[in-house]
Amino acid sequence: MAQNQLWGGRFTQPTDQFVQEFTASIDFDKRMYRYDIQGSIAHCRMLAKQGIIAAAEADTIIAGLEDILADIEAGNFEFSVALEDIHMNIEARLIERIGPVGGKLHTARSRNDQVALDVRLYLRDELQTILAYLDQLQEALLAQAEQNLAVIMPGYTHLQTAQPVLFAHHMLAYYEMMKRDAGRMTDVAKRLNVLPLGAGALAGTTFPIDREFVAEQLGFDGVTRNSLDSVSDRDFAIEFCAAASILMMHLSRLSEELILWSSADFNFIELTDAFCTGSSIMPQKKNPDVPELVRGKTGRVYGNLISLLTLMKSLPLAYNKDMQEDKEPLFDSIDTVKGSLKIFADMIALMKVKAENMRVAAARGFSTATDVADYCVRKGLPFRQAHEVVGKTVRYCVETGKDIPELSLEEFRRFSPLIEADIYEFVTLEASVNARRATGGTARAAVEREIARARAERRG
């Protein structure tokens, strides 16, 4: 029985059919076709430049590769499991189309450095898409902050009312998280942007190649410096999955808040119908399925990171077949992050804020208690004593069913004679919020400064 594989010369028996199917990666790595062809064209030009193949042969090979690219994008290319992967599918079709000269393309390279190149090229482009979606989400968060500058909401610790904050301040907290996410993704893009092609199977090549020329052709910042590391390195994929996991954690935290805020118990926001679903039995339901699903998808991205770390933890140098398992976790994380960011950007942009409900909630739970303590400190009381005074005041409020601003001056003075009539200037929601004017605080002036800073950075 004839061999179909391009490496079949060593073998006297064909590969078992099930083994072919089990070991093939074409079902998932075919998404890298454009990058495989892009890398092959750059490699071919270098071979001609170096006199390793004739210029006319290079022209024929490149024309054949461009025709194959057109066929794939037109849906006129049948991928074969028997040919294992995207590299061999394209090479086999090239030889079929232009004859034996197509076999010269693989001179001075291996599938080991070829796949390392393809994955880097693919991830590099996907990172730009992810960064664009992150930018859209940051814009949506910033716009919500600008549109709701006067809205006061309860700030929480332990999910218990703590202090009043501006809703805009809350949105800017997530803006800062996404800014760090963008920084991590940019770092990944910088570190992966070196060319592994030229490492061969593991030891380099005997041909007089020009790796720097190929790097320049493909927009890489430089070339890898060790052939063993070049073909066995998947740090960039692991680093991306780590950054993706942190990003999804941030989205999951925001999802949890949106789910709580859109419930009848909070009623702080309303998500537009386009991002919610109903119940098959309860006609009144409006379920926040999008944030719930993003919260759920976070776990699969965490799992992909653990898969890659586990995959690589015991591999000796250099390439091992185990490394074929790097692509599905990477591809899945890319797809999940892109989808989650895109839908979140649209959802946040259209989110309706219920300002009055937030204000009512902020006024409950003794949220200005710390302001009373700070007031006592300014009157000369050490903070620890002030803390005790306010603790007793709150206990009195609980017993009498009053909130702090509702207490009379006489009731305040039962706990400290230092408290005077001006206390009421410090225990309103606005006074509490606007007293926190330092950089990073929730005062409107501080929040406006941060919005202006963010706008300046984005323009830059």
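H7 gives the most to the lining of the second largest pocket, with 5 residues. This is a predicted model: local features need pLDDT of at least 70, side-chain atom pairs count only at pLDDT 80 or more, and totals for chains, interfaces and linings use all residues. Residues are numbered from 1 along each chain as its sequence is written, and side-chain values use heavy atoms, with hydrogens and water left out.

The second largest pocket is lined by 16 residues. His169, His170, Leu172, Ala173 and Gly440 lie nearest its centre. E1, strand E2 (160-166), H7 and helix H18 (444-459) each give two or more residues to this lining. Helices (H or I, at least four residues) and strands (E, at least two) are DSSP runs, numbered from the N terminus. The space in this pocket comes to about 270 Å³. A pocket is an open set of points on a 1 Å grid over the protein atoms alone, where a 1.4 Å probe fits, with protein on both sides within 12 Å along at least five of seven lines; lining residues have an atom within 4 Å of a point. Its volume is the space filled by probe spheres set on the points, which are joined across faces, edges and corners. The lining divides into 7 nonpolar, 6 polar and 3 charged residues. Here Ala, Val, Leu, Ile, Met, Phe, Trp, Tyr, Cys and Pro count as nonpolar, Asp, Glu, Lys and Arg as charged, and the others, Gly among them, as polar.

Now the largest pocket. Its volume is about 330 Å³. It has 15 lining residues, with Tyr156, His170, Tyr174, Arg253 and Glu257 nearest the centre. Strand E1 (152-157), helix H7 (167-192) and helix H10 (235-261) each supply two or more. H10 gives the most, with 5 residues. By class, this lining has 8 nonpolar, 4 polar and 3 charged residues.

Next, arginine 437. It sits in the loop between helix H17 (429-434) and H18. Arginine 437 counts as exposed because its relative accessibility is 54% (exposed means over 50% relative accessible area, with a 1.4 Å probe and protein chains only). Beyond its neighbours within four places in sequence, arginine 437 is in contact (heavy atoms within 4.5 Å) with Ala443, Ala446 and Arg449.

Terms used. Buried < 20%, exposed > 50% of the residue type's maximum accessible area, 1.4 Å probe, protein only.
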